[in-house]
Amino acid sequence: MKQQINNVKIAGTGSYLPATIVTNADIEKTVDTTDQWIRNHIGVTERRIVTTETTSDLAAKAAINALESAGLFPADIDLIIVATSTPDRLAPSTACIVQDKIKAYNAVAFDLAAVCSGFLFAYSTAAQFIAAGTYEHVLVIGADTFSKITDWSRRDCVFFGDGAGAVVLSENKNNDGMMNFRLFSDGRGKFNFTIPGGGSEFPVSQHTVDEGLRYFQMNGKAVFETAISKLPEAINQVLEDSCLTISNIKMLVPHQPNINILKETALRINLPFEKVMVNLDKYANTSGATIPIILDETYKTNKIAAGDYILFAAVGSGWTWGAGIMKWTI
């Protein structure tokens, strides 16, 4: 269903990456792969990996940076949504842990699970709370530590990195913005990217440890084919909803799954690739954190101006996918 909102804006952005860098050369030493193959097929040169930090640690630091960008204090926040598939614990929510770490005690807090589409789903959810007049300032955080659920002895360890990004969504009292989004899910693809162990189906046990069920499992071909099919469809739909064409778009700020997925998506929607924002080479796929991290980098390097139409797109496990368009107002 078409969703258009005019009284919501991004008031501030923030991000945080852990300090430890793992390069392709580091991985070459222990896994049967090469730096050249990783660069050519995925587009990654290096990734950031946590040592002692947790998902909530990264999320809290990104949140503080976003609050500073927005000129707000933790007490100003009415709601915190954390999009993550690597929570600190099954309970409580990572959002509640973040609330305590940043001392935003006036806020309601909950997690949202849509894996790599998580930030887009959380951002869309937050916008509707503001549009309805329920809340005035919402902190939306995407944070993941996939290094914790990666088997570093397997070749697919090359895909992911750790990080967090955040935005503050606030009421746009001038009503001069625009936010449209389309979200989709298809549970028939549920096992093409999955983490079997640790839930109620396969609770933690010696068996889940021995069988490596705590690590992610991925059907790479299915991920690729789904992404290059569904992302262009969602993007074209949200363009139509917004009465815009691809020529009106200043840039695409996408989830960062794979350089070839991004290139093929740009080709299918007729968007010059120089308009696609990419930091996959530095950080790999940080799952729910990808869009807010690259949005923060793009905004703080003065590449976005008021009035620009920014396109967002993501695809993730579930399947989940979607696209959104925002008219930038800060």
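# Reading pockets, helices and rings in a predicted model

Modeller: Helix H7 and strand E13 each contribute at least two residues to the lining of the second largest pocket. The model is a predicted one.

Colleague: Which element gives the largest share of the lining of that second largest pocket?

Modeller: H7 does, with five residues. The whole lining has 20 residues, and those nearest the centre of the pocket are Met 218, Val 223, Phe 224, Pro 257 and Ile 261. The space in this pocket is about 250 Å³.

Colleague: How many residues of each class line the second largest pocket?

Modeller: There are 13 nonpolar residues, six polar and one charged.

Colleague: Let us stay with H7. How do I read its packing against H8?

Modeller: For two packed helices, one gives the angle between their axes and the distance between the axes. In this model, the axes of H7 (residues 220–241) and H8 (residues 259–268) cross at roughly 35° and come within 9 Å. The crossing of H7 past H8 is right-handed.

Colleague: Which residues of H7 and H8 meet?

Modeller: On the H7 side they are Phe 224, Ala 227, Ile 228, Ser 229, Leu 231, Pro 232 and Ile 235. On the H8 side they are Asn 260, Ile 261, Glu 264, Thr 265 and Arg 268. Sorted by class, this contact holds seven nonpolar, three polar and two charged residues. Phe 224 and Ile 261 take part in the contact, and both are also among the residues nearest the centre of the second largest pocket.

Colleague: What about the largest pocket: how much space lies in it?

Modeller: About 890 Å³. Its lining counts 31 residues, with Ser 85, Pro 87, Ile 149, Ile 195 and Gly 197 nearest the centre. Strand E10 (193–194) and helix H6 (206–210) each provide at least two of the lining residues. By class, the lining of the largest pocket splits into 13 nonpolar, 12 polar and six charged residues.

Colleague: How many cavities of 30 Å³ or more are found in the whole structure?

Modeller: The search finds one. The largest cavity has a volume of about 30 Å³. Its lining consists of Gln 256, Asn 279, Tyr 283, Ala 284, Thr 286, Thr 290 and Ile 293. Three of these residues are nonpolar, four are polar and none is charged.

Colleague: Next, aromatic rings. How is a pair described?

Modeller: One gives the distance of the ring centres and the angle of the planes. A search of the whole structure turns up 11 aromatic pairs. One of them joins Tyr 123 and Phe 312, with 5.5 Å centre to centre and 55° between the planes, which is a tilted pair.

Colleague: Where in the chain do Tyr 123 and Phe 312 lie?

Modeller: Tyr 123 is in helix H5 (residues 118–131) and Phe 312 is in strand E13 (residues 309–316). The two are 189 residues apart, and the pair links distant parts of the chain. E13 also supplies residues to the lining of the second largest pocket.

Methods: Residues are numbered from 1 along each chain as its sequence is written. This is a predicted model: local features need pLDDT of at least 70, side-chain atom pairs count only at pLDDT 80 or more; totals for chains, interfaces and linings use all residues. Side-chain values use heavy atoms; hydrogens and water are left out. Axes are lines fitted to C-alpha atoms, for helices over the stretch in contact, and angles run from 0 to 180 degrees between N-to-C directions. Helices (H or I, at least four residues) and strands (E, at least two) are DSSP runs, numbered from the N terminus. A crossing is left-handed if the near helix is turned anticlockwise from the far one by less than a right angle, and right-handed if clockwise. Contact means heavy atoms within 4.5 Å. Ala, Val, Leu, Ile, Met, Phe, Trp, Tyr, Cys and Pro count as nonpolar, Asp, Glu, Lys and Arg as charged, and the others, Gly among them, as polar. On a 1 Å grid over the protein atoms alone, a cavity is a set of points where a 1.4 Å probe fits but cannot get out, and a pocket is an open set with protein on both sides within 12 Å along at least five of seven lines; lining residues have an atom within 4 Å of a point. Grid points are joined across faces, edges and corners, and a volume is the space filled by probe spheres set on the points. Rings of Phe, Tyr and Trp (its six-membered ring) pair if their centres lie within 6.5 Å; planes under 30 degrees apart count as stacked, over 60 as edge-to-face and the rest as tilted.
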